[in-house]
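Have a look at the model first, then work through the steps with me.

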Amino acid sequence: MSRQGQDYPTESESRALFVELGRRLYQRGFVAANDGNISVRLSPDWILATPTGVSKGFMSVDQMVLVNLVNGEWKGILKPSTEIRMHRAIYLARHDVRAVVHAHPPIATAFSVAGIPLDQSILAEVIVSIGTIPIAEYHTPSTQEFADHVAYCIQKYEAILLANHGAVTVGKDLEQAFFRMETLEHYAHISWIVRQLGSENVLSFNQVRELMALRSMYGLQPPAPDCLTCPNYQKPTEERQNEETVSASQESSSLNKQTIETIVRAVLRQLETS
Ligand SMILES: [Zn+2]
């Protein structure tokens with residue numbers, strides 16, 4: 001059931017889902033102590049958000065806070081999270097976003113600390129569901145500067161790492177935003193192991209393009225953010241070798257052309273002087 005047609009979830013079902021998803025975030029180790037926050041859009045101007053100072057693993061339905069996106073007014077028995085500025089900025093920047101999850105999953109956060117984005121086309125599921133995951137530059141958490149920068153970065157992506165901090169995912173509903181956080185951490189975990197193994201087979205441009213076509217089957221807009229245009233997109237060895245061969249043969253044919261022209265000019269000069 002939705003408050004306005006099928007577009008928005010009801011407040012009561014959202015409060016219950018916050019408790020469940022908060023518990024999962026905590027149990028999976030994606031947040032420690034009172035870290036992390038969740039929000040969902042209940043109408044064009046109002047969101048429901050997690051409160052400050054509460055462990056996400058032990059929330060009750062009455063602790064959530066209603067927050068006005070435009071003026072920041074809030075209603076609840078507890079204050080909203082200190083990261084509420086970031087949540088508001090994201091919703092104001094992206095009208096299609098209906099839910100936001102912010103957490104500190106340890107392996108993905110380690111990538112953010114190391115300055116390594118999760119932007120290699122190595123996992124089919126990630127390419128289909130999220131696309132590339134860049135790192136937003138560091139700003140002091142909870143500040144307006146931080147909120148504005150995250151909102152700017154999230155305009156093109158469904159998930160981003162926050163330098164020396166954690167990660168943010170967005171979605172069309174709470175489940176999608178939460179699953180994207182799970183996928184992000186799973187991707188980071190596999191990437192970490194792959195780096196230890198010392199070899200990484202990156203999917204080809206055409207393989208990625210075929211995966212893009214699958215997105216519409218899951219109700220997602222193709223293509224995924226920046227998978228094919230990412231500046232860090234690393235083409236597989238075979239594709240690079242083919243390009244190098246083509247490039248070498250092009251150089252060779254242009255060399256042949258120059259040689260023929262030189263010979264022709266030399267012959268013409270000889271004819272003129274003879
Ligand atoms: Zn945080």
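**Exercise 1.** Find which elements the buried residues of α5 pack against.

*Solution.* Step 1: the model is predicted, and local features need pLDDT of at least 70, side-chain atom pairs count only at pLDDT 80 or more, while totals for chains, interfaces and linings use all residues. Residues are numbered from 1 along each chain as its sequence is written.

Step 1: the partners are α2 (84-93), β6 (135-136), β7 (159-162) and β8 (166-171). Helices (H or I, at least four residues) and strands (E, at least two) are DSSP runs, numbered from the N terminus; contact means C-beta atoms, placed from the backbone, within 7 Å.

**Exercise 2.** Which residues of α5 are buried, and why do they lie on the same side?

*Solution.* Step 1: α5 spans residues 144-154, and F146, A147, V150, A151 and I154 are buried there. Buried means 20 or more other C-beta atoms within 10 Å of a residue's own, exposed 12 or fewer, partly exposed in between, with C-beta atoms placed from the backbone.

Step 1: these residues share one side of α5 because they cover an arc of only 130° around the axis, taken from the directions from the helix axis to the C-beta atoms. An α-helix has 3.6 residues a turn, so residues three or four places apart point the same way.

Step 2: on the other side of α5, Q144 and E145 are exposed.

**Exercise 3.** Say which residues of α2 meet α5.

*Solution.* From α2 come R85, M86, A89, I90, L92 and A93. Their partners in α5 include F146, A147 and V150.

Definitions and conventions: Two residues are in contact if their C-beta atoms, placed from the backbone, lie within 7 Å.
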